[in-house]
Amino acid sequence: ALATSWESSDRGRIWTFHLREDVTFHDGTPFTADAVVFSLERQRDPRHPYHSADFFYWQNTYRNIEKVEAIDPHTVRVTIMSRYAPFLANLAMFPVSIVSPAAVKKWGDKYGRHPIGTGPFRFVSWDTGRIVLERNPDYWGGAPTIERLVFQTIPDDRQRLVALESGAIDLAYSILPKELQFVELHPELALYRRPANNVTYLAMNTTHKPFDDVRVRHAFNYAINKEPIVKLAYQGMALPAAGPLPPNQWGHHDVATRYPYDPARARELLAEAAADGVFDPSQVFSLYVSAAPRPYLPDPESVARVIHANLADVGVHTKLHIQPFAEHLDSLRKGTHDLALHGWVSDNGDPDNFLYVLFDKDNTTPGRARNVAFFRDPVLHGLLILGQTSESRQEREQIYARAQELIAKMAPWVPIAHSQIVIAARRDIAGIRITASHVYYRDVRRRKRP
């Protein structure tokens, strides 16, 4: 958004961006090419004086960037190692938002709690569970219609709905599926929904036995009944998933390999694995679940208990480990789990952001793994790298179709659902804009009552 145009050369290795002029940061300093270089180079270069150890997105997503240069005050050149098809999509992600160099230098290690960008809202304060923003009257795209925007954490689901109903808050995320009908029938409330770019899945840790055996993974896929999960836990606000890519994502492929709910077939496969000494029917598997609702999983425990019951029905014993989300994420990245109920929301709308991030062997480093099935397949790796370097979208779609077929056959996951984004708001709130990944507040306003 801060560039007006761009072009590439040297077979996609060199990208030149022409920047917007007369844009200022919230602290009044000018947005220039030097600020772009500063924002990217401090993440890329570990020797940069303002580098931080928690720039883990860089290693996962931007490690092919070799150099960022300011050609003139409003022109930036980015050189990458080799052609990389998702490059532009990745530049629309939050880690490469451009920040004020002066603010970073002023606040030092405390900058993370005093963010200064160029967006429509300026930072005011951040206390536990509460972030306050205010209108940026100098925003280059036009000042927002509202003066203040407050994000308030209300962990209790019922309390959050009561706050919305009473008018204490104007808009609420993570309304429980069982409360949706109440919102729909309430004269003062409205629901906003749209298909999301996400997936909920049950990951099997393929480094833990017996999940290194494909028969066991197939059995788990046959054992899970997705229809009641979608109807009850999501109240119909989702689609059963057959693979990682949602139907509204370009590159989605209807795989030939399917696993209809078939507990008898699951028992057969587990019996075969047990006869070969691979599967122990007395073993208890750890099933890790987040306690917090997520956009892809509004009621995690309910879904986990359906999965627990489905697996018990085919002779598999599981123990639920329900944790706060930060602990859950830490456990999964370290590979502590046997099974993990988890999900993903696309960062950038490119299939690579699902397939490479969630299935490639490059993303299985314990401690910062995104591929929490720890699935490592050289053929799949070759396809995903080919998809990153292909020159045409049509070619990439063909590559990703092959990749999705391979993933379906190898079955490191049980894909569960693709949910909708559902947000509840007071009826006097207008201008809410929802995309497949975000809610935008710049044009939000309060309607005048008659």
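## Close-up views of a predicted model

**View 1. The lining of the second largest pocket divides into 15 nonpolar, 4 polar and 3 charged residues.** Here Ala, Val, Leu, Ile, Met, Phe, Trp, Tyr, Cys and Pro count as nonpolar, Asp, Glu, Lys and Arg as charged, and the others, Gly among them, as polar. This is a predicted model, in which local features need pLDDT of at least 70 and side-chain atom pairs count only at pLDDT 80 or more, while totals for chains, interfaces and linings use all residues. Residues are numbered from 1 along each chain as its sequence is written, and side-chain values use heavy atoms, with hydrogens and water left out. The second largest pocket holds about 310 Å³ of space, and among its 22 lining residues Lys226, Ala241, Ala242, Tyr259 and Pro415 lie nearest the centre. A pocket is an open set of points on a 1 Å grid over the protein atoms alone, where a 1.4 Å probe fits, with protein on both sides within 12 Å along at least five of seven lines; lining residues have an atom within 4 Å of a point. Grid points are joined across faces, edges and corners, and the volume is the space filled by probe spheres set on the points. At least two lining residues come from each of α8 (226-233), α14 (393-410) and β15 (413-426), and α14 gives the largest share, 3 residues. Helices (H or I, at least four residues) and strands (E, at least two) are DSSP runs, numbered from the N terminus.

**View 2. Helix α12 (residues 352-359) has 8 of its 8 residues buried, so it is largely enclosed by the rest of the structure.** Buried means under 20% relative accessible area, exposed over 50%, and partly exposed in between (1.4 Å probe, protein chains only). Have a look at Asp352, Asn353, Phe354, Leu355, Tyr356, Val357, Leu358 and Phe359, the buried residues of α12. They pack against α2 (56-61), β10, β14, α13 (378-389), α14 and β15, where contact means heavy atoms within 4.5 Å.

**View 3. Strand β14 (residues 339-345) is largely enclosed by the rest of the structure, because 6 of its 7 residues are buried.** Strand β10 (residues 198-204) pairs with β14 in the antiparallel sense over 7 bridges, and Thr200 has Gly343 of β14 as its bridge partner. Two strands pair if DSSP finds at least two bridges between them. Strand β12 (residues 284-290) runs parallel to β14, joined to it by 2 bridges; there, Tyr288 stands opposite Ala340.

**View 4. An open sheet of 3 strands has the order β5-β6-β7, with antiparallel pairing.** At its edges stand β5 (121-127) and β7 (148-152), each with a single partner strand, so one side of each is left without a neighbour in the sheet. Neighbouring strands of this sheet are turned by 15 degrees against each other on average, direction ignored. Such angles run from 0 to 180 degrees between N-to-C directions, with axes as lines fitted to C-alpha atoms, for helices over the stretch in contact. Between β5 and strand β6 (residues 130-135) there are 6 bridges, and Ser125 has Val132 in β6 as its bridge partner.

**View 5. Strands β1 (residues 3-9) and β2 (residues 14-19) pair in the antiparallel sense over 6 bridges.** The hairpin has 4 residues between the strands, and Asp10 takes a positive phi near 55 degrees. Phe17 in β2 is the bridge partner of Trp6, and Phe17 also stands opposite Val76 in β4. Strand β4 (residues 75-80) runs antiparallel to β2, with 5 bridges joining them.
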